Amino acid sequence: MNDTTPAARAAIVYESMFGSTRRVAEAIADGLRPFASVTVLKVKDAPEAFPDIDLLLIGAPTHVHSLSRPSTRVEAAKWGDDPERRLTLEPDAEGIGVREWLETCGDVPARFAAFDTRADMTELFSGSAAVAIDKRLRRLGSHRLLAKHSFLVDKDSVLEPGQLDDAREWGRTIGAALGTPAAV
């Protein structure tokens with residue numbers, strides 16, 4: 001390994017219906033890249049185990065106070081069909097979600113961080129997919145590197161202003177928690 005290659009390896013697995021969670025995952029990766037080699041994967045493309053990863057980040061949209069279910073993904077697809085909403089459904093959005101994927105996971109990395117997208121209101125009313133992700137990963141034996149983070153969307157599932165900057169900053173915070181950045 002040369003001096004410009006980050007020593008840590010991270011994977012970001014995300015589920016996204018309308019693109020907000022995907023965009024957050026990509027922004028987190030941008031912030032984290034000076035500190036770690038980062039792979040970003042749609043949940044449908046994620047393996048069941050990560051033997052060579054130091055940190056697993058998982059993100060999902062909040063549906064009905066928690067992780068999506070097949071029925072809530074079908075309902076979200078109906079939103080995408082409504083021309084008044086002007087939403088574009090992500091490819092494969094109705095496929096496997098983080099909830100189902102976590103049920104099939106084998107060995108998970110020793111450390112993780114969880115994030116979600118949720119409505120711009122108090123978490124008491126919106127819920128949080130990241131809380132469910134956190135519980136499931138701890139149950140699988142992984143340890144939380146940082147507290148969960150929520151990124152806010154409006155009533156039309158569009159990211160609120162500044163959320164991508166916040167995601168890049170959270171990526172840098174995660175990198176700092178992992179160790180010093182690679183020499184450039």
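## Basis

In this predicted model, local features need pLDDT of at least 70 and side-chain atom pairs count only at pLDDT 80 or more, while totals for chains, interfaces and linings use all residues. Residues are numbered from 1 along each chain as its sequence is written, and side-chain values use heavy atoms, with hydrogens and water left out.

## The largest pocket

The largest pocket has a volume of about 530 Å³. Of its 25 lining residues (those with an atom within 4 Å of a point), the closest to the centre are Thr62, His63, Val64, Trp79 and Ser157.

At least two lining residues each come from helix H1 (20–32), helix H2 (70–81), strand E4 (111–119) and helix H4 (123–126), and H2 supplies the largest share, four residues. The lining divides into 10 nonpolar, 11 polar and four charged residues, with Gly counted as polar.

## Helices H1 and H6

The axes of H1 and helix H6 (residues 163–178), which are lines fitted to C-alpha atoms over the stretch in contact, come within 7 Å and cross at roughly 45°.

The contact (heavy atoms within 4.5 Å) includes Arg23, Val24 and Ala27 of H1 and Leu164, Ala167 and Arg168 of H6. By class, this contact has nine nonpolar, three polar and four charged residues.

Note on methods
On a 1 Å grid over the protein atoms alone, a cavity is a set of points where a 1.4 Å probe fits but cannot get out, and a pocket is an open set with protein on both sides within 12 Å along at least five of seven lines; lining residues have an atom within 4 Å of a point. Grid points are joined across faces, edges and corners, and a volume is the space filled by probe spheres set on the points. Axes are lines fitted to C-alpha atoms, for helices over the stretch in contact, and angles run from 0 to 180 degrees between N-to-C directions.
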